[in-house]
Amino acid sequence: MKATGGILASEQPTRVLSFDADSIREDFPILKQLVYGKPLVYLDNAATSQKPTAVVDAMTHYYSTDNSNIHRGVHLLSERATQQYEEARVKAQGFINAAASKEIIFTRGTTEAINLVAGSYGRANVNSGDEVLITAMEHHSNIVPWQILCEEKGARLRVAPINDDGELIIEEFAKLLNERTKIVSLAHVSNALGTINPIRAIVEIAHRHNVPVMIDGAQAAPHMKLDVQELDCDFYAFSGHKVFGPTGIGVLYGKASLLDAMPPYQGGGDMIASVTFEKTTYNTLPYKFEAGTPNIAGTIGFGAAIDYVNQIGIDRIARYEHELLDYGTGALSQIQGLRLIGTAKDKAGVLSFVLEGVHPHDVGTILDREGIAIRTGHHCAMPVMERFGIPATARASLAFYNTKEEIDALVAGIHKVKEVFG
Ligand SMILES: Cc1ncc(COP(=O)(O)O)c(C=O)c1O
């Protein structure tokens, strides 16, 4: 599939064939390599996904022909760069069905987006004695910014518990909401467990208490159709590099009414309307939150990634990945001594597990020699590990270019680990 230039996703044909991972893999040259003489089996997609040629080409094209700073220039290169940057914003708007492109703030990624909300909305609205409500399955990126805020303000971080399958206990979550709660922030999909949270229902409960909801969508955006208007969430964050785009670019979606009322997060160029030594006035949305020269090439590459995903079709991706997940869950469940961590009824493509008598790090190291890339450790979710009473897990995470044969290779690799550790 070729780079799509400035063509909008809606104008592009969707691939019509039934899901053909082999043909899709042609778009990802990196997957063709051998690792220690074995075909690479890349199952670390929750950490970062691979980039199709269309994304690499779009960035190369930008640097080769259009490289220039945006928004400020009167010359042609700057106009072209600005146009492509702003086109990417419209693509991101369409990707999550935001009501307006000014509700899309470009950030470095999910982490920065959450820090932005904690640092701006949080600082302005959370005071001494107030509460911030998160869940026990959060990534550190959705814990630490709120802890910093709570420490600064003398507020309290409350944590809604999860059950043994790794599902949020909704009744307990609801009980924790009260008149002191100033914001709820939780993952759409857990990176360590794969749990998909029922966001629409959670937002409804929080809104009954007039509490806004921020969603960490880092692990949802690559795998499922998103509609922030339907979810009715107040903020939604995700990272380009997990959606087959480059690193260093992500999105904070916020309802315009909330973003408008929030103070700036960082000061600098582009976020101002006028500056004197006496007083600065701020730019309109979304620029108020985009201080300094942004990641222009990354944003354009991100736009190409959205086009690419749209061409395949996110619903088809979700269906295929679900098939793969079912297949993997069945296969791994049959391995004696293997315990899956995260067995929620509603799950995205994460297979987190521990193997009796073997440290996850050893599992990962032996699999690596078989050409199989997985992640081992706490997955930046140490409280999740604590909840399950384990130091770490081995985690295989799926993308649409993975195949059942690759899951078979993972299973064979795990049997090899068992042999080694006898
Ligand atoms: C659930 C979740 N939240 C937040 C993040 C942080 O994303 P980033 O490092 O792209 O900012 C990740 C990354 O793994 C994640 O899985």
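By class, how many nonpolar, polar and charged residues does the lining of the second largest pocket have? Before the answer, a word on the model is needed. This is a predicted model, in which local features need pLDDT of at least 70 and side-chain atom pairs count only at pLDDT 80 or more, while totals for chains, interfaces and linings use all residues. Residues are numbered from 1 along each chain as its sequence is written, and side-chain values use heavy atoms, with hydrogens and water left out.

We can begin with the sheet. Strands of a sheet pair through backbone hydrogen bonds, either parallel or antiparallel. Here an open sheet of seven strands runs in the order 4-10-9-8-7-5-6, with mixed pairing; strands are DSSP runs of E with at least two residues, helices are runs of H or I with at least four, and both are numbered from the N terminus, while two strands pair if DSSP finds at least two bridges between them. The edge strands, each pairing on one side only, are strand 4 (104-107) and strand 6 (156-160).

Strand 10 (residues 250-254) is largely enclosed by the rest of the structure, because five of its five residues are buried, where buried means under 20% relative accessible area, exposed means over 50%, and partly exposed lies in between (1.4 Å probe, protein chains only). Gly-250, Leu-252 and Gly-254 cover one side of strand 10, and Val-251 and Tyr-253 the other. Strand 10 pairs with strand 4 in the antiparallel sense over four bridges, with Ile-104 opposite Tyr-253. Strand 9 (residues 235-239) and strand 10 are also paired in the antiparallel sense, over five bridges, and here Ser-239 stands opposite Gly-250. By contrast, strand 7 (residues 181-187) and strand 8 (residues 213-216) pair in the parallel sense over four bridges, and Ala-187 stands opposite Asp-216.

Ser-239 also leads us to the second largest pocket, where Ser-239 is among the residues nearest the centre, together with Thr-110, Thr-111, Ser-141 and Lys-242, in a lining of 18 residues. A pocket is an open set of points on a 1 Å grid over the protein atoms alone, where a 1.4 Å probe fits, with protein on both sides within 12 Å along at least five of seven lines, and lining residues have an atom within 4 Å of a point. Helix 4 (residues 110-125) gives the largest share of this lining, three residues. To answer the opening question, the lining has three nonpolar, 11 polar and four charged residues, where Ala, Val, Leu, Ile, Met, Phe, Trp, Tyr, Cys and Pro count as nonpolar, Asp, Glu, Lys and Arg as charged, and the others, Gly among them, as polar.
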